[in-house]
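Here's a quick tour of a few helices. Have the sequence and the model open side by side as you read.

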Amino acid sequence: MTGSDDKAKQYSLKLLSYRGRSEKELEERLRKKGVSARGISSTMQYLKDTGLLNDLSLAESLKREALTYRMLSQAGARYFMLRRGIPRSIVDSVLSNDDNIDIDNAVKFVDKKLRVLGKYPAETAKRRLYNLLLRRGYSSGTILKVLKEKIMKEEEK
């Protein structure tokens with residue numbers, strides 16, 4: 001192990017201490033830092049062997065973050081993970097194509113946002129909610145279904 005390989009490992013460990021990273025992200029950061037191809041491959045292999053670099057576990061963590069905390073749709077979560085450098089095959093294996101998850105997340109999101117948007121006229125609130133949900137990756141069919149249900153409940157109150 002040379003000094004540059006050791007520095008590459010130390011830099012990688014420093015990056016991983018901040019947040020989980022995909023293999024692609026880490027490789028790009030090492031390349032930007034000027035690490036040789038041999039140094040990158042040995043560092044990546046070391047991190048995989050020690051279990052510190054695992055795209056599957058990172059994908060599970062990102063899925064939980066995207067669906068639970070960010071309240072994204074399945075499509076939004078897919079884009080979120082792909083943007084972080086997770087391979088498409090892993091993303092497809094982690095995400096299910098269950099429309100009920102999208103509807104549940106959209107309902108939670110609308111409930112949360114209606115507290116703030118409730119003071120606006122119904123049409124303004126509906127338009128803003130539609131656009132917010134669209135930016136989070138929900139399909140227009142899901143959005144209309146959820147909004148129709150929620151706005152009708154709000155009008156009954």
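## Helix H5 and its buried face

Which residues of helix H5 (residues 74-83) are buried? They are Gln 74, Gly 76, Ala 77, Phe 80 and Met 81, where buried means under 20% relative accessible area and exposed over 50%, with a 1.4 Å probe and protein chains only. Helices here are DSSP runs (H or I, at least four residues), numbered from the N terminus.

Look down the axis of H5 and its buried residues fall within an arc of 160°, so they line one face of the helix; the arc is that of the directions from the helix axis to the C-beta atoms. Over on the other side, Tyr 79 and Arg 83 are exposed. The buried residues of H5 pack against helices H4 (55-69), H6 (88-94) and H7 (99-117), with contact meaning heavy atoms within 4.5 Å.

## The ends of H5

Just after H5, Gly 85 has a positive phi of about 95°.

## Where H2 meets H3

The axes of H2 (residues 23-33) and H3 (residues 37-50) come within 10 Å and cross at roughly 145°. Axes are lines fitted to C-alpha atoms over the stretch in contact, and angles run from 0 to 180 degrees between N-to-C directions. From H2, the contact uses Glu 23, Leu 26, Glu 27, Leu 30 and Arg 31; from H3, Ile 40, Thr 43, Met 44, Leu 47 and Lys 48.

## About the model

This is a predicted model: local features need pLDDT of at least 70, side-chain atom pairs count only at pLDDT 80 or more, and totals for chains, interfaces and linings use all residues. Residues are numbered from 1 along each chain as its sequence is written, and side-chain values use heavy atoms, leaving out hydrogens and water.

Technical notes:
Helix = DSSP H or I, 4+ residues; strand = E, 2+ residues; numbered from the N terminus.
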